[in-house]
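Hi everyone, thanks for making the time. Have a look at the model on the screen, and then I'll walk you through it.

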Amino acid sequence: MENSLPLNDWHVRKTHLIINRLHAFVHGIALLALFYYRLTSLTEIIIENKDTALLLPHVLIFISELILSFIWLLSQPSKWKPIVRTVYPERLPGDEKLPSIDVFVCTADPTKEPCLEVMNTVISALALDYPSDKLAVYLSDDGGSLVTFQAIKQAWKFSKFWVPFCRKYKVKIGCPEAYFLTDESGPDGKFSSSQFVIEKKAIQKRYEEFKDSLEEIVAKTSSFASRDHRPAIEVISDANGERTDTDNEEHMPLLVYVAREKRSSQPHHFKAGALNVLLRVSAMISNSPYILVLDCDMYCNDPSSARQAMCLHLDPKLSRKLGFVQFPQKFYNISETDIYDGQLRYIWPRWEGLDGLRGPILSGTCFYIKREALHGTKKFQEDVDLVQLKKCFGTSNEFIKSIYRNYKPNYPKERNFSDDALQKELQLLASCRYDNDTKWGKEVGFRYFAVVEDYFTGFNLHCEGWISVYLQPSRSAFLGASPISLNELLVQNTRWYVGLNQVAMSRFSPLVYGLMRMPISQSMCYAEFAYSPIYFLALYVLAIIPQLFLVQGISLYPEVSSPFFVVFSFVFLSSQLKHVQEIFSTGHSMRTWSNEQRIWMMKSLTSYSYATLEAVMEKFGLTKASFLPTNKVVDDEQAKRYQMGIYDFQAPALFMVPLCSLYILNAASFIIGFGRILQTQKWGEMLIQAFIPLFATILHLPLLEGMVLRKDKGGVSASVSLLSAIISSAVFSQFFFKLLVRII
Ligand SMILES: O=c1ccn([C@@H]2O[C@H](COP(=O)(O)OP(=O)(O)O[C@H]3O[C@H](CO)[C@@H](O)[C@H](O)[C@H]3O)[C@@H](O)[C@H]2O)c(=O)[nH]1
Ligand SMILES: [Mn+2]
């Protein structure tokens, strides 16, 4: 590299490091004291044979404490050495020396993923600040729908004005929809502002026309997302789109539409399958060594992200081992109150911690990955036998040629897309049977094993020795949409945790497979995510058992005068204070604390438990996990409630009934228990046990409001409230009945 100055830099977050390690130490000791208490009191119950019926609740509570502590332990390495990176794109070599980049955007269903949004993402990628001849954007349309195909042609037409405009005025938001919503002040330097204003007006008019044309397409064309269609691959250009009056096509990046073949008889492996087709198809057209992957709703908010990522990929010290550069997922539609905890705040500091180890977990979108890492070509020498290679990469000779770095596809030079041989090859590579009996999805490309293809692919790359880095620039590089209703959120999380469970319950468990292939610290981080669904067990126990025994006046926790009371109080306070510290240090307020606590409990009691059930059923061959994309169509009424910070409880009974039943159970048990304490004056013995339902009742007040006070459409439906009341009274009476039998 001519420039001797480093392209990037990093430093350790020292205060975080000290606080985290100190907390780990103190909290760890407190947990040991807590275990000591539980073990001694359990032995006491067993040896003294006091009351065997008391054994079960004690054991259950101990198990839940063990689960919480286990996950806490797994989370420690990701807090051990948080680091922050800075990049210096101005130090990059000249454009002619930059490597080329392919951008992959995936969409699946125009009825759930509005095509205007998808096209905005595509356009924002075309407007990345990168040499045009080194940029190619591929849109994978899993629905193979005519709407998307026609829309992309319109997007191309508009882009031919938009991209030059962005380049000329160094526009900071390459996504037109977002650009016209903000008031970017104007050009810097050499252009007069009046000229800018005129051109901006003109381009805005074109954008409006573009939007109208999409509306027209949507109205006229079927947006049916088909499960059975032939492959269709097309480089979008004037030759096949409508001609326009500009001739700047040469200065435009490539834009390619890809609908892979789908047959209902063949598994398509969801997004991972789509990405693998893009990997193969792009190899024939641009074969860039680096790839940016984007969800269809994640637009480029900073055109310089490609150069930023190159500051890491081209760093001679990192380059050889670096598999991918991960940016955080940030969202443009988070309301001030963020009631669904959509910003995933708790994840990104973890990625800083992981960056201090072998690097962050692949997060599905917003990452620049090295093609070679996905091909796993490190394992192959140039002289490997062709038969061997075909077993691995499939039957296409052309594709096999492409895996070697010095391969240059013919396409970009000649721009001859109608070439029959090329078309034939592309059809083969995008066919639904191409993967069969190959290593695709197993050792090559994005991995199929779990519906969290991102987590599992990144996990495999780390196992193979690749590292990753995390880059969180102050200006968000990408912005996407987060679910804005409880239902969408829980559905999405159920899918994620089914995927994580699939990994946890398989031979790929991070604590077995990972441990043998990566340092224990890194495998613990993967394990924390894979095992977190078992939170559901702990939370169900803690939401039911102390409450039922509180009502009976049977104590399951140390009394106030015992030294272990301090231990229990300390463990609770120390974990809450650590949470608050993390929230403050990431610039958030106490409201974020209550939102995160509330949503974490709701997810554990619903998503995590159903995800575990589903994964277990899948293990026994009773179901098949699937990846249904989240709905990105905004319902106005729902959006209004969300903006106002009002929960939308119009979720299926499957989600709402457990939450409401447990709420009623907790509120009722607190009231009854409190009354009992008043009578018996056993304050000391029952304090912790009364505190638990009180905490839950206060934290989840919005649920009570939804059941009792609210009359709007987002409230809890009367049938759900009624069913929940019946269930919680049944639990109570069952319990009383058993107790009665025992007493008699
Ligand atoms: O069969 C499919 C299903 C989905 N997708 C695309 O996958 C992307 C992500 O789907 P979405 O419904 O938005 O899922 P999320 O849960 O919001 O996505 C998160 O979780 C996924 C699974 O872990 C990751 O793939 C994503 O990158 C990550 O943002 C979208 O662009 C979809 O169009 C496909 O291309 N084909
Ligand atoms: Mn999404």
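Let me start with a question: why does aspartate 142 count as buried or exposed, going by its C-beta neighbours inside 10 Å? Aspartate 142 counts as buried because it has 27 C-beta neighbours inside 10 Å. For the cut-offs, buried means 20 or more other C-beta atoms within 10 Å of a residue's own, exposed means 12 or fewer, and partly exposed is in between, with C-beta atoms placed from the backbone.

Some housekeeping before we go on. This is a predicted model, where local features need pLDDT of at least 70 and side-chain atom pairs count only at pLDDT 80 or more, while totals for chains, interfaces and linings use all residues. Residues are numbered from 1 along each chain as its sequence is written, and chains are lettered from A and ligands numbered from 1 in the order in which they are written.

How confident is the predictor? pLDDT is its confidence in each residue, from 0 to 100. The protein has a mean pLDDT of 92, with 93% of its residues at 70 or more. The model also scores ipTM 0.99 and pTM 0.95. One stretch to treat with care is residues 241-247, where pLDDT stays under 50 and the model has 11 contacts beyond four places in sequence. A contact here means two C-beta atoms, placed from the backbone, within 7 Å. Where pLDDT is low, the predicted coordinates should not be read in detail.

In UniProt, an unreviewed entry lists Asp142 and Asp454 under "active site". UniProt positions are in the numbering used here, feature names are shortened, and annotations may be inferred rather than shown by experiment. Asp142 is found in the loop between strand 4 (135-141) and helix 4 (146-169). Helices (H or I, at least four residues) and strands (E, at least two) are DSSP runs, numbered from the N terminus. Leaving aside neighbours within four places in sequence, Asp142 is in contact with Cys106, Thr107, Ala108 and Ala274.

The other listed residue, Asp454, lies in helix 15. Asp454 is buried, because 23 other C-beta atoms lie within 10 Å. Not counting residues up to four places away in sequence, Asp454 touches Leu362, Ser363 and Gly364.

Now the ligand. Which residues come nearest to ligand 1? Of the 21 residues around it, they are Cys106, Ala108, Phe270, Gly364 and Pro629. Near, in this case, means a C-beta atom, placed from the backbone, within 6 Å of the molecule. Strand 3 (101-107), helix 7 (270-285), helix 15 (453-463) and helix 16 (486-504) are the elements that give two or more residues to the shell. Helix 7 gives the most, with three residues. By type, the shell divides into nine nonpolar, six polar and six charged residues. In that scheme Ala, Val, Leu, Ile, Met, Phe, Trp, Tyr, Cys and Pro count as nonpolar, Asp, Glu, Lys and Arg as charged, and the others, Gly among them, as polar.

Next, a look at strand 6, residues 254-259. Six of its six residues are buried, so strand 6 is largely enclosed by the rest of the structure. Leu254, Val256 and Val258 point one way, and Leu255, Tyr257 and Ala259 the other way. In a regular strand the side chains alternate between the two faces of the sheet. Strand 4 runs parallel to strand 6, joined by five bridges, and tyrosine 138 has valine 256 as its bridge partner. Strand 5 (residues 232-235) runs antiparallel to strand 6, with four bridges, and isoleucine 233 stands opposite valine 258. Pairing requires that DSSP finds at least two bridges between two strands.

Most residues other than glycine have a negative phi, and most peptide bonds are trans. Aspartate 338 has a positive phi, near 45°, and aspartate 437 has one of about 55°. Aspartate 338 is buried, with 20 other C-beta atoms within 10 Å, whereas aspartate 437 counts as exposed, with 11 C-beta neighbours inside 10 Å.

Finally, the UniProt entry, unreviewed, lists several stretches under "transmembrane region", including residues 21-39 and 653-674. Residues 21-39 are 100% helix, with end C-alpha atoms 27 Å apart. Residues 653-674 are also 100% helix, and there the end C-alpha atoms are 30 Å apart.

Technical notes:
pLDDT is the predictor's confidence in each residue, from 0 to 100.
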